[in-house]
Amino acid sequence: MSTETKIPRPAFDSSACASCPAHNAGNLLKLGVDMSDWDYVVALGGNPNTGKSTVFNALTGLRQHTGNWPGKTVTRAEGGYSYKGDRYKIVDLPGTYSLLSTSLDEEVARDFILFGQPDVTVIVVDATRLERNLNLALQVLEITERAVICLNLMDEARRYHLEVDDRRLARDLGVPVVPCVARTGEGLPELLEAIHDVATGETVCKPYRLKNESPVIRHALDALVPKIKEAFPDLPNAQWVALRLLDGDQRIIEALNKGELGDLTVQSPLEAEPAASIYLDLEVTT
Amino acid sequence: MTASTVLTADILQTADNLRWEVGPGFHEQLMENIYAEASQLADRAVTWPEEEPKFDLDRTIDRLVTSHIFGFPIMILLFALVFWITIVGANYPSQIIYDVLIGRIYPFLQQSAQTIGMPWWLSGLLIDGMYLATAWVVSVMLPPMAIFFPLFTLLEDFGYLPRVSFNLDNAFRKAGAHGKQSLSMMMGFGCNAAGIIATRVIDSPRERLIAIITNNFALCNGRWPTQILIATLFIGSLAPFYLAGLISALAVVSIAVLGVLLTFVVSWSLSRTMLKGEVSTFSLELPPYRPPQVLRTIGTSFVDRTLYVLWRAVVFAMPAGAVIWLISNITISGTSIAEYMINFLNPFGVLIGLNGIILVAYIVAIPANEIVIPTILMLTVLVTGINAGSGAGVMFEMNSLAETKTVLVAGGFTLLTAINLMLFSLIHNPCSTTIYTIYKETGSKRWATISALLPLAMGFIVTFMVAQLWRLFIGPG
């Protein structure tokens with residue numbers, strides 16, 4: 001475990017353990033990520049076939065084969081890099097269209113972002129299919145406050161004469177948006193910088209949260225969210241937990257009963273019971 | 001009860017009550033909200049081009065390659081083209097590597113061993129056994145792989161493979177299997193162990209098992225060289241010279257297509273017997289065509305696939321070379337162990353249109369299909385006693401494909417043997433790595449055993465039938 005003095009955590013993360021560099025090491029270890037040699041952990045999410053693996057390779061210098069088809073990455077790949085003296089562990093999650101857990105790969109990605117609490121979640125987004133890709137991005141932003149959008153495939157967007165206003169998008173989403181062409185390396189220095197800024201707290205995100213304007217859901221949320229906030233004042237994603245409870249998500253109900261949700265705010269990973277399902281789903285085969 | 005458990009219970013209770021209120025359409029409603037908000041945000045950020053481009057190249061290509069009429073012919077033509085380039089292009093570099101590794105380095109090693117006074121059994125084991133087997137594998141396998149894998153990877157990067165899945169999806173559905181099985185099958189054309197891992201994209205355990213068991217019928221890396229070599233020697237040679245490459249390529253394509261057909265037939269049978277159930281639906285996104293980065297693709301596919309497979313072949317070929325040399329040189333009352341095994345298996349081998357040598361080779365080659373052909377050649381030399389100067393179990397110098405064929409023919413190879421060898425190479429048990437992967441993925445010894453024995457039994461049945469029909473209608477073979 002790293003003992004060097006760390007730059008203080010961002011202000012929005014106010015829990016006592018958050019300033020400790022190893023604050024989430026216990027949960028990450030349960031998820032199969034050994035954090036003893038790393039300062040920050042970065043999760044890489046996104047829709048299938050948006051070039052996630054290419055971004056992963058570009059950042060880590062690894063040469064995993066990238067294929068032009070959805071579902072290329074089935075296992076969770078891990079790698080690392082160093083930037084400005086900090087060591088980053090990067091975890092490539094399976095590509096999914098949603099995090100509403102209808103399949104194994106969605107659950108793997110969801111559980112990692114929720115329970116692993118990566119320091120930064122990079123969401124790789126296909127600039128030519130922004131609308132569909134934002135569906136996932138919005139769901140990720142419901143769960144975590146520390147995110148960077150990698151607006152990939154800008155070369156294809158240019159080929160189709162699409163103009164994507166990344167500043168507008170960044171303002172609307174409340175997180176850094178970096179236009180990239182991962183294949184050629186364009187935009188990667190900016191991406192590294194953005195990840196660094198969010199990880200160290202130099203950039204504080206104010207992520208877009210779903211408005212859920214349909215009256216029935218709004219009403220239900222207004223009744224449920226305050227109760228969750230009362231029980232878990234430091235939980236960064238009360239609305240998302242409420243939505244999952246309303247959807248009858250067994251995994252979240254179980255987490256609530258076992259007190260795992262509490263872990264996500266007041267870190268006591270060693271006392272928490274290991275979540276068996278996470279072990280099972282995240283076993284990495286080499 | 002502590003304060004927090006009270007609060008938790010309250011939250012769950014409230015959620016339960018509200019769930020009644022929001023009703024069963026909640027999930028859809030939520031998705032609709034997310035879509036609406038995503039669409040709003042995207043609209044604000046994206047400016048579309050003034051006018052729609054009149055000609056959409058991607059869509060035009062898609063219409064052609066996924067069309068009902070042209071889809072399959074284009075698919076077969078493209079793969080045939082890939083094999084034709086491989087077969088025609090591999091000859092020359094193969095010859096050069098062969099001349100260096102076996103024509104020059106091998107005699108040099110032998111001389112050196114003599115000079116330093118190495119005992120005959122040690123130099124036999126090391127040079128005649130391990131070195132020669134490895135050299136053979138490298139010279140025969142490296143050139144076709146170095147051509148085939150980059151070509152295949154280029155097709156993959158261009159975005160053609162999902163179109164193949166799209167074409168095959170309907171057939172898989174009719175066979176009672178998951179449409180995504182076409183993706184794991186495609187991976188299987190590279191390596192079955194990788195294909196087995198790729199079945200993780202299939203959620204339903206029933207359909208995943210079908211995909212795992214039938215993945216073996218996707219012709220893997222280790223078996224392509226066997227197919228290409230035998231097709232070139234025995235089938236291409238039937239045609240006039242200028243057509244030989246094309247005919248060989250078509251023969252290999254036929255075997256690959258047969259593998260796909262078998263995948264359907266076995267999936268269909270399994271989904272109606274051992275693995276009954278409903279077909280689940282899924283959506284497959286056809287990615288845009290992307291111009292492949294040719295140089296990088298060739299580079300990564302060379303490292304990822306060619307060198308990987310070659311390394312695996314070498315790792316398995318060295319001990320196999322030692323085993324072959326040992327069973328050829330350890331004699332019991334004047335007859336070597338290899339000959340005992342071959343003689344024992346020969347009647348059964350001949351019955352199914354193969355021979356004892358091929359069966360022994362397949363036993364030796366359980367760890368890796370890559371070494372089947374080298375093993376067959378070494379054992380043939382042993383049994384026929386041609387090229388007696390080199391001694392038992394020793395690979396000898398072969399200057400050309402023609403001489404390879406001479407050896408095989410001397411060992412009793414006929415056209416029937418060649419065809420059945422190609423069939424058996426397609427339909428037999430997976431290599432031990434794949435079997436182990438199946439065991440790891442399913443966590444079940446039973447399914448691993450079934451996945452190994454089912455294709456083996458089918459292989460015996462198919463070759464037996466072909467042999468009987470051949471002898472009935474065409475003549476002794």
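Predicted model: local features only at pLDDT ≥ 70, side-chain atom pairs only at ≥ 80, totals over all residues.
**Briefing: the contact between chains A and B**

Two bridges join strand β6 (residues 163-164) of chain A to strand β1 (residues 46-47) of chain B, and these two strands run antiparallel. Around the pairing lies an interface in which 59 residues of chain B are in contact with 69 residues of chain A, and the area buried between the two chains is about 6,000 Å².

**Strand pairing across the interface**
- Within the antiparallel pairing of β6 of chain A with β1 of chain B, A:Val164 stands opposite B:Val46, a residue that belongs to β1(B).

**Make-up of the interface**
- Carbon and sulfur atoms give 60% of the area that is buried between chain B and chain A.
- Two salt bridges are counted between chain B and chain A, and one of them is formed by A:Asp172 with B:Arg44, whose closest N and O atoms lie 2.8 Å apart.
- Polar contacts between chain B and chain A come to 11 residue pairs, counted where both residues have a pLDDT of 80 or more.
- On the side of chain B that touches chain A, helix α2 (residues 26-45) of chain B gives the most, contributing 16 residues.
- The residues on that side of chain B divide into 31 nonpolar, 12 polar and 16 charged.

**Backbone angles in two loops**
- A:Lys84, although it is not a glycine, has a positive phi of about 50°, and this residue is found in the loop of chain A between β2 (77-83) and β3 (86-92).
- A:Lys84 counts as exposed because its relative accessibility is 54%, where the cut-off for exposed is over 50%.
- In chain B, B:Ser333 is likewise a residue other than glycine with a positive phi, in this case near 40°, and B:Ser333 is found in the loop between β2 (331-332) and β3 (335-336) of that chain.
- With a relative accessible area of 67%, B:Ser333 is therefore exposed, again by the cut-off of over 50%.

**Chain B as a whole**
- Chain B has 477 residues, of which 54% count as buried.
- Among the contacts in chain B with a separation of 6 or more, 79% are accounted for by residues 24 or more positions apart.

Definitions and conventions. Residues numbered from 1 in each chain as written. Chains lettered and ligands numbered in written order. Heavy atoms only, no water. Contact = heavy atoms within 4.5 Å. Buried area = accessible area lost by both parts, 1.4 Å probe. Salt bridge = Lys/Arg side-chain N within 4 Å of Asp/Glu carboxyl O. Polar contact = N/O pair within 3.5 Å; in protein donor to acceptor, adjacent residues only side chain to side chain. Helix = DSSP H or I, 4+ residues; strand = E, 2+ residues; numbered from the N terminus. Nonpolar A, V, L, I, M, F, W, Y, C, P; charged D, E, K, R; others polar. Pairing = 2+ DSSP bridges. Buried < 20%, exposed > 50% of the residue type's maximum accessible area, 1.4 Å probe, protein only.
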